[in-house]
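Biologist: I'm new to this one. Could you walk me through how to read it, feature by feature?

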Amino acid sequence: MAANRALLHGGPPPLSAKVEGSFAYLTVRDRLPTILTRAIDTIHRNKNKFFEEFGEDGVQAEKRTIGFLSKLRNELLTDKPILALCDGLVDTDAWNQYLRRQQSLVGERDSVSWFKSSWLYVECYMYRRIQEAIWLNPPISDFDVFHESKTQSFFESQQAVIALCTYLQGLNKNMDNLSETQLTEQFHKLLQVSLWGNKCDLSISAGMENSQKGSPIDSLSDLKSFILVDDSNMVWSALSSAQKQGADGQINPVRVDIVLDNAGFELVTDLVLADFLVSSGLAKEVRFHGKSIPWFVSDVTAHDFQWTIRQTLAANHKWMSKSGVQWHSYVREGVWSYHDHPFWTMPHEYCDMAGDAPDLYTTLQGSNLVLFKGDLNYRKLSGDREWEHTVPFDRALRGFQPAPLCSLRTLKANVQMGLQPGQGENLSAQDPGWMTSGKYAVIQFSSPHRER
Ligand SMILES: O=P(O)(O)OC[C@H]1O[C@](O)(CO)[C@@H](O)[C@@H]1O
Ligand SMILES: [Mn+2]
C-alpha cells in the first residue's frame, strides 16, 4: 500500500487531540487509556486459562503482553512519539510507511505523537499496537482481548434479538403476498433497524455494557425525528432499479455489500436486513466485509461473524434458531460471504482506497450498493475532517465512489456533512452534545451517476 494521499485530495484539516477540550482530545486523554486498562485487566483475568492451555509459557506470555500494553498506555498518556511497528505482519510496512508520511507532514522538528497528530490515525494505531502486543507474545497470539465484551453484548440483547428474528420470520412467511408498497415499507423499516443497531458499539462507552433492551421495531417511529438526513428513498431506488437494468430484458443479479461495524446486537440487525434483501429477491448476493484483527473494541471479525450465526442457530427459541439455520445455509451456499481486507484496519481515509488498496476498490466496484455501517466508517468516508455541516456528502467523499453507497451511522464523533443551512446551528443550540451522544443518526447516499 502506498502512502496516504490525503493532501492530494484536499479538504479541511483532520480532527486532532491538539485542540484541548475537543471530543478528540477527551477521547485520547480519557477513553483510550480506559480501553487499554480494561484490555490489561482482561488479559490478567485470563491468566489461569492461559496456564491451562499452555502451561508456564502461557503465564509468561500473559506477563509480557501486559508489560507491552502498560508501556503503550504510558506512551499515550505522556504524548510520546508514535513508534514504528515491528511485528512483521502483512500490513506492518504499510503502517510504517503511513507513519513516515505523517512525519513528512509535520516536518523534521516536530514529532508525530498521540496528542499532536490526526485523531483518526492515533486511534487506529492504538488498536494496531494492541494487536502487536498480543502477536509478539506467543503462545497467546490469537487471543481477542475484546471477545468477552462482544459476546456479553450479544447475550445482553437477547430479547431484542428474539423480537427481531420473530419479526423476520413472520415477514418471510408472507413475503409472496407483499405488495410493492409493503415491500418498500419493510425495506425502510429494516434499514432503520440496522441504522439504530449502530447505537450499540462498545468503544464509545469504553467497553461498558451498551446493549439494546426493548423491541427494535416498536421504537422506530419514536426515533424517526432523530434521523437528521434520510436518503433512504434514494437507496431504495438504487436497489430496485439495479434489478431492472438488464439491457436484454433479463433481471440482473443484484449484489449488496455491507461494510460491517459492531458485533453483538448491531451485527444481528445487519444479518436480518441481509436476510430480507435475499428472501425478498431484492438481492441475489450479500458480501459482508469485516475486520481481520480485533478493532475499536466491538467490531466484527471472522470469528465473531461465525460465532453469531452459530449462537443464533443454537438458540432455544423457534424463530431465532430458524433464522440461524437460514443464515448458516446462505453462507454454505455462497449467497452470503464474509471478507476481510487489511485496508479496513488501516488508518487511511477512504479517498485513498483506489490508490492504496486498488484490489479492494475494484471489488467494491462490482457491487450494486455498498452499505457502510457506523461511525468510524463515516469518519473514514469524510476523512475525519473539520467540514462545514452544509458541505455536500458527495464532496466530502473526494472521489471515493466505487458504486452507489450509503452510510448508516449514529453520530458519535464531531464530524457531520450534508445538513441543511442552519440545521447544525439549531441542533447545537438545542442539544450541545448532538454530534457525539449517539442519539442522532443519518442515512446518507451517494452514487457515481448522481448529480447533486
Ligand atoms: O462503532 P462505531 O459506530 O464505528 O463507533 C466507534 C466509536 O469510536 C470512535 O471512533 C471514538 O472512539 C467514535 O467515533 C465512535 O464513538
Ligand atoms: Mn465499531
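Biologist: How many residues of domain 1 are in contact with how many residues of domain 2?

Modeller: Before I count, keep in mind that this is a predicted model, where local features need pLDDT of at least 70, side-chain atom pairs count only at pLDDT 80 or more, and totals for chains, interfaces and linings use all residues. Residues are numbered from 1 along each chain as its sequence is written, chains are lettered from A and ligands numbered from 1 in the order in which they are written, and side-chain values use heavy atoms, with hydrogens and water left out. Contact means heavy atoms within 4.5 Å. Here 32 residues of domain 1 touch 35 residues of domain 2.

Biologist: Where does each domain run?

Modeller: Domain bounds come from an automatic or database domain assignment. In this protein, domain 1 covers 2-135 and domain 2 covers 147-446. Their C-alpha centres are 27 Å apart.

Biologist: How do I read the size of an interface?

Modeller: It's often given as the accessible area lost when the parts come together. Buried area is that loss, found with a 1.4 Å probe and summed over both parts. For domain 1 and domain 2 the figure is about 3100 Å², with 60% of it on carbon and sulfur atoms. L15, L120 and Y127 supply 21% of what domain 1 buries against domain 2, more than any other three residues.

Biologist: Why does ligand 1 lie between the domains?

Modeller: Because domain 1 and domain 2 both give residues to the shell around ligand 1. A residue is near a molecule if one of its heavy atoms lies within 4 Å of it. There are 17 such residues around ligand 1, and E123, D375, L376, R379 and K412 come nearest.

Biologist: Which helices supply at least two residues of that shell?

Modeller: Helices are DSSP runs (H or I, at least four residues), numbered from the N terminus. The ones you want are α2 (23-45), α6 (119-135) and α17 (374-382). The largest share, 4 residues, comes from α17.

Biologist: Which polar side-chain atoms lie by an oxygen atom of ligand 1?

Modeller: A polar contact with the ligand is a pair of N or O atoms within 3.5 Å. E123 has a polar side-chain atom 2.3 Å from a ligand 1 oxygen, and for R31 the distance is 2.9 Å. N198 has a side-chain N or O atom 3.0 Å from an oxygen of ligand 1. Taken alone, ligand 1 exposes 390 Å², and the protein buries 100% of that; such areas come from the Shrake-Rupley method with a 1.4 Å probe.

Biologist: Where is the cis peptide bond?

Modeller: Look from P138 to P139, where omega is near 10 degrees. P139 sits in the loop between α6 and α7 (147-156).

Conventions: Polar contact = N/O pair within 3.5 Å; in protein donor to acceptor, adjacent residues only side chain to side chain. Buried area = accessible area lost by both parts, 1.4 Å probe.
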